[in-house]
Amino acid sequence: MSNTKKMLIEVARGLFAEKGKKEVTMNDIAEASKKGRRTLYTYFNNKEDIYKAVIDKELEQVLERLKVVSTEKVEPDVMLTNHILTHLDAIKDVVTRNGSLRADFFHDIYEVERTRRKIDVQEISLIRSILNNGIKKGIFKRMDLDLSSIIIFYSIKGMEVPYIRQNISSEFERNKNSIVEFVFQGIKRK
């Protein structure tokens, strides 16, 4: 990706975060980036394209944080715990750092989910690898890796919105290890 395109995405992200997607025009992005509209349209067909690029970039950052967790030299149960906590914190960080865009993420949830599918597949693969390693080491019981990875992923994903919206945030912070332990009850060997 060119530096110009990266810069345009970041400028658009900042404007969306400040004003919300509906209030930002392609002219606003061109002016804020100090690039002409022609340059902007070289990279993006319309505001929806640049919005999708912003979402994609933000979700890539979440995946990068999870990839770092997957390289830690820890036991699989600790790695899965770290994965779950990193996932929730990374999603919360992305949404909260984007100010007014936060409401757009919730309003455009279907668009966010469509953009997110390829990231989800990669995250499920990371979880599968952790589970497989845990089975090999005798930490986790034998299971259908594909199904278990999907179930764990969607369990984590199901906690995102309440966690972000702060409905359970303070409770979650106090009890997150209990929540993670609940997930483990189904997969850990006794």
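**Entry 1: helix α5.** I looked up how covered α5 is, and 16 of its 22 residues are buried, buried meaning under 20% relative accessible area, exposed over 50% and partly exposed in between, with a 1.4 Å probe and protein chains only. The model is predicted, so I note that local features need pLDDT of at least 70 and side-chain atom pairs pLDDT 80 or more, while totals for chains, interfaces and linings use all residues. Residues are numbered from 1 along each chain as its sequence is written, and side-chain values use heavy atoms, without hydrogens or water.

I then checked the span of α5, residues 76-97: from first C-alpha to last it reaches 30 Å, close to the 32 Å expected at 1.5 Å a residue. The expected span is 1.5 Å times one less than the number of residues. Helices are DSSP runs of H or I with at least four residues, numbered from the N terminus.

**Entry 2: salt bridges.** I found 11 salt bridges in the structure, each a side-chain nitrogen of Lys or Arg within 4 Å of a carboxyl oxygen of Asp or Glu.

I looked at Glu 10 and Lys 57, whose side chains meet in a salt bridge at 3.0 Å, N to O. This pair links distant parts of the chain, with Glu 10 in α1 (residues 3-19) and Lys 57 in α4 (residues 47-70), 47 residues apart. Glu 10 is partly exposed because its relative accessibility is 29%; Lys 57, at 27%, also counts as partly exposed.

Entry 3: I noted a salt bridge between Arg 116 and Glu 160 at 2.4 Å, N to O. Arg 116 is in α7 (residues 109-136) and Glu 160 in α8 (residues 145-164), 44 residues apart. Both residues are buried.

Lys 157 forms a salt bridge with Asp 120, with 2.7 Å between the closest N and O atoms. Lys 157 lies in α8 and Asp 120 in α7, so this pair ties together parts 37 residues apart in sequence. Lys 157 and Asp 120 are buried. I recorded that Arg 116, Asp 120, Lys 157 and Glu 160 are linked in a network of salt bridges.

**Entry 4: the cavity lining.** I listed the residues lining the largest cavity: Leu 59, Val 62, His 87, Ile 91, Arg 116, Ile 119, Asp 120 and Glu 123. A cavity is a set of points on a 1 Å grid over the protein atoms alone where a 1.4 Å probe fits but cannot get out, and lining residues have an atom within 4 Å of a point. α7 gives the largest share of the lining, four residues.

Technical notes. Helix = DSSP H or I, 4+ residues; strand = E, 2+ residues; numbered from the N terminus. 1 Å grid on protein atoms, 1.4 Å probe; cavity = no way out; pocket = protein on both sides within 12 Å on 5 of 7 lines; lining within 4 Å.
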